[in-house]
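Have a look at the picture, then read on.

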Amino acid sequence: MSAPSDIRSAVVPAAGLGTRFLPATKSVPKELLPVVDTPGIELVAAEAAEAGAEQLLIVTSPGKESVAAYFEPAPELEKNLEEKGKTAQLAAVRRAPSLLAVKTVYQYEPLGLGHAVAQAEQALADDEQAIAVLLPDDLVLPTGVLGRMAQVRAEKGGSVLCAFDIPKAQISPYGVFDVSDTDDPDVKQVHGMVEKPSAEEAPSTYAAAGRYVLDRAIFDALRRITPGSGGELQLTDAVQLLIDEGHPVHVVVHRGGRHDLGNPGGYVRAFVDFALRHPDYGDDLRSWLAARLEG
């Protein structure tokens, strides 16, 4: 599903230091860690391109230039692969640079997700009315929810977020939406959000995922909110400000799965899941895992 033409830029906040993956991330940015053979940042970029985005805005920090460099062509490597007839590897190497245009903007201080998203405003064209935001730690499967979110924005205006329906007993680690129904069972109107409520206090079972389609009004809201815990500017506070001022906000409930690449445990699950589906490695891995688990 293609996104409406007003969703041209996809913002990927990638300025973090990846401390949960140390020591690996001392020299390799977390976003470049491979999920089998493809970095997570490429999987996210491909999702944005599939939804119709034309530009990927990577919000990075000094020392992480290799994240954007990954999307640059590698003519010498390509020539070498071409001369050796390694067509599959050549196609894989050329895939990332062909997905969409890539620009970088810098977040010089770790002042929160809201602050990171705010840095993207400088790289937008004056006529862009909305942006997509994809958190690179979240793999949302199957892809396609971003296009559905853009469609909901085209129909209802405002901003659209992604949500998962989480069993109530498991809801407490999440940001949870206060919602009301619409005529579509998978589209809810948002009235507020509660961070990490107890199961008894959760306003719904709809938890936030790392996908957003945000009206350009979000940048004005980010300028007007005050820092929260840790001195950080929270994106959810800016969204709440828009809601309070009458800006329509909806969620699309995604009925698929997700992987969290932001911690080693979640990363391992994603790696194994993708490897099991890989045409070259899946069958052997499945057999080995079965034998290993029996041993």
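This is a predicted model: local features need pLDDT of at least 70, side-chain atom pairs count only at pLDDT 80 or more; totals for chains, interfaces and linings use all residues.

**Helices α7 and α8**

- Helix α7 covers residues 217–224 and helix α8 covers residues 235–244; they pack at an angle of about 110°, with their axes 9 Å apart.
- How are α7 and α8 oriented to each other? They are roughly perpendicular, because angles of 65 to 115 degrees count that way.
- On the α7 side, the contact uses A217, I218, A221, L222 and R224, and these meet L235, A238, V239, L241 and L242 in α8.
- Sort those contact residues by type and you get nine nonpolar, no polar and one charged.

**Helices α1 and α4**

- Helix α1 (residues 40–50) packs with helix α4 (residues 87–99) at an angle of about 50°, and their axes are 9 Å apart.
- That makes α1 and α4 oblique to each other, and their crossing is left-handed.
- From α1, the contact residues are E42, A45, A46 and A49, while α4 brings in R95, A96 and L99.
- The residues of this contact between α1 and α4 split into five nonpolar, no polar and two charged.

**How covered is α1?**

- Helix α1 is mostly covered, with nine of its 11 residues buried.
- The buried ones in α1 are G40, I41, E42, L43, V44, A45, A46, E47 and A48.
- After α1 comes G52, which has a positive phi, near 105°.

- E78 sits in helix α3, which spans residues 75–83.
- Is E78 buried or exposed? It's buried, because its relative accessible area is 12% and the cut-off for buried is under 20%.
- What does E78 touch? Leaving out residues up to four places away in sequence, E78 touches P73, L90, V93 and R94.

**Strands β7 and β13**

- Strand β7 (residues 138–141) is covered on both faces: D138 and V140 are buried on one side, and L139 and L141 are buried on the other.
- β7 pairs with strand β13 (residues 257–260) in the antiparallel sense, over four bridges.
- Which residue of β13 is the bridge partner of L141? That's G257.

Terms used:
Residues are numbered from 1 along each chain as its sequence is written. Side-chain values use heavy atoms; hydrogens and water are left out. Axes are lines fitted to C-alpha atoms, for helices over the stretch in contact, and angles run from 0 to 180 degrees between N-to-C directions. Helices (H or I, at least four residues) and strands (E, at least two) are DSSP runs, numbered from the N terminus. Angles under 35 degrees count as roughly parallel, over 145 as roughly antiparallel, 65 to 115 as roughly perpendicular and the rest as oblique. A crossing is left-handed if the near helix is turned anticlockwise from the far one by less than a right angle, and right-handed if clockwise. Contact means heavy atoms within 4.5 Å. Ala, Val, Leu, Ile, Met, Phe, Trp, Tyr, Cys and Pro count as nonpolar, Asp, Glu, Lys and Arg as charged, and the others, Gly among them, as polar. Buried means under 20% relative accessible area, exposed over 50%, partly exposed in between (1.4 Å probe, protein chains only). Two strands pair if DSSP finds at least two bridges between them.
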